[in-house]
Amino acid sequence: MTTTASPETHKFQAEVAQVLHLVTHSLYSHKEIFLRELISNASDACDKLRFESLAQPELLAGDGELHIDVRWDADARTVTVSDNGIGMSRDEVVANIGTIASSGTRRFLEAMSSEQKNDARLIGQFGVGFYSAFVVAERVTVLTRRAGAAAGEGVKWESDGKGEYTLESVDLPERGTQIILHLKSEEDEFLKPWTLKSLITRYSDHVAFPIRMPVEEDGKPGSQWDTINAASALWTKPKSEISDEDYQGFYKSLGHDFNDALAWTHNRVEGSQSFTTLLYLPSQPPFDLMMGGRDERKGLKLYIKRVFIMDAAEELLPNYLRFVRGVVDADDLPLNVSREILQQNRQLERIKAACVKRVLDLIEKLARDEPEKFTTFYKAFGNTLKEGVAEDHSNKERIAKLLRFASTQGEGATQKVSFDDYIARAPVGQDTIWYITADSFAAASGSPQLEAFKAKNIEVLLMFDRVDEWMLGSLNEYAGKKLKNVAKGELPLDEADKKQQEEASKAAEPLVAKLRELLGDRVGDVRVSARLTESPSCLALSDFEMAPHLARLLREAGHDMPESKPTLEINPQHALLKRVEAESDTAKASDLANLLLEQAEIAAGAQLPDPAAFVQRMNRVLLG
């Protein structure tokens, strides 16, 4: 290596400095992942070269056997990870190492700050794995030359990770990248070849390129090379030759996860279109999912004839299955495929449909045969799955069958009751699945709107996840049964109940008129309730009106929501209503009437228009 110019010193971009600080201080308990991350980057570089060489074979320039080498030097206290992949130009070095442009990395910073206990899972998922080298190294040197560039266009990058780096041009006879770690004094374990071998076997065995180490001779690296990893595309092997341990090892290297996958499905489709899928369900949410990953989805790698093309999660999976990790290897797509071509490719539509079917089959199998695993899955991804009811019309019924809810006849807030469970328990002749939505289990289970249903022992599903109200806009019925919110519309009454309701309404006409006058334009209407047996009042919604708790959330998120006047339902037999009826002091009656409305609004999750006035009213009533 010959230096061709004096080094230039640059400062890291502010976010890089933050990443370096967080990585080096948070990852100490998982410091060995630096090797996994550097090998993963080297594998990506080999993948990129293999892909680019399809159109430009000259890039391989007589060195077509792509590989990754790991060397150690106990005397110099260095570990070197090198590859003969695509390499980087000077501009690419600055862009890839000196600056961070992706919004994903900004989310990484937020996640690292708030979720330190999960730090190790974050590194690879946010594309900042290179910086993990500084956990074990006091100084890192990168030597790189882009494929196709002249020997004099090599680049040397060096930093101690403390805010600055140097860049200089160097002569490099071979393409590719070398990363030389000058180890800290306390990191002697990584100078032992068996330590490096065991880490490669544990974390990188399924990297598709050979990972080589020098054969040890008299305690030092020799001139012969030994391939450490399996270096095969796991998904191409027959299932009978792959152990569960192999599947889990591949998942961990694929998904940058320390935890085992919950389940997987591996299939080969032959015929007019041939492709292989290996799809995994994680056991807990990947961080890119938790940090708002609908827009930047990763996790499903598309290969064509074993050549890695791109991360095609957005093209191969619908949004509601964005937690799936895996590989799709197609035999029949053109190798020069682009994202634009993928989005309009009929073959890909068939592959996407097959992926969706396989994943739903797998989830159904868990629900049927492994309830404990299904519970783990549903706790992690149930809310994401619910999006499919609105987004995937062709599979709406299949997805709805997998959903679970709490219930007035269930075990507290545990979400274990399916629509099928509900239907099986319902009395003969009940053609409605009743539910209520709220912003918490306590608000749902304690809602006054449930009282008449509890009195008649009619089960009601309790839905308290934010996505529920939106999802139900696309789910009007299930298995021929109508879904209906107990808080909306008129309740269906039998003849006896109808007669009783009419009599109660007639008897309460003076009270209803008084309340309408006292409340004025704060309400759309006041009427006698068929829902209430114990509470004095509740809100009733029209069939197409948005639940108050959801309207409140949308307003808080900055959406303009049309103002609607609530309908107040009352229980004339309640002592508070008797008190309003008997109160001759207009000011006191007004306080009572407004409190009846406001407590109904609070129970429904609505936002009080004037909390201070509510407190003053409450104090006046308490003081008598």
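## Strand pairing around S3

In this predicted model, strand S3 is joined to strand S9 (residues 211-217) by two bridges, and the two strands run parallel. Within that pairing, Asp 69 stands opposite Arg 212 of S9. S3 (residues 68-73) also pairs with S4 (residues 78-83), here in an antiparallel arrangement with six bridges, and in S4 the bridge partner of Asp 69 is Ser 82. The hairpin of S3 and S4 has four residues between the strands, and in it Arg 77 takes a positive phi near 60 degrees.

| Partner of S3 | Bridges | Direction |
|---|---|---|
| S4 (residues 78-83) | six bridges | antiparallel |
| S9 (residues 211-217) | two bridges | parallel |

## A residue in helix H12

Asn 383 lies in helix H12 (residues 371-391) and, with a relative accessibility of 36%, counts as partly exposed. Leaving aside residues up to four places away in sequence, Asn 383 touches Asp 465 and Val 467; Asp 465 is 82 residues from Asn 383 along the chain, yet their C-alpha atoms are separated by 7.4 Å.

## Packing of H21 and H22

The axes of helix H21 (residues 575-582) and helix H22 (residues 586-603) come within 10 Å and cross at roughly 150 degrees, and the two helices are therefore roughly antiparallel to each other. The crossing of H21 past H22 is left-handed. Leu 576, Leu 577, Arg 579 and Val 580 of H21 make the contact with Leu 592, Leu 596 and Gln 599 of H22, and these residues divide into five nonpolar, one polar and one charged.

Methods
Residues are numbered from 1 along each chain as its sequence is written. This is a predicted model: local features need pLDDT of at least 70, side-chain atom pairs count only at pLDDT 80 or more; totals for chains, interfaces and linings use all residues. Side-chain values use heavy atoms; hydrogens and water are left out. Two strands pair if DSSP finds at least two bridges between them. Buried means under 20% relative accessible area, exposed over 50%, partly exposed in between (1.4 Å probe, protein chains only). Contact means heavy atoms within 4.5 Å. Axes are lines fitted to C-alpha atoms, for helices over the stretch in contact, and angles run from 0 to 180 degrees between N-to-C directions. Angles under 35 degrees count as roughly parallel, over 145 as roughly antiparallel, 65 to 115 as roughly perpendicular and the rest as oblique. A crossing is left-handed if the near helix is turned anticlockwise from the far one by less than a right angle, and right-handed if clockwise. Ala, Val, Leu, Ile, Met, Phe, Trp, Tyr, Cys and Pro count as nonpolar, Asp, Glu, Lys and Arg as charged, and the others, Gly among them, as polar.
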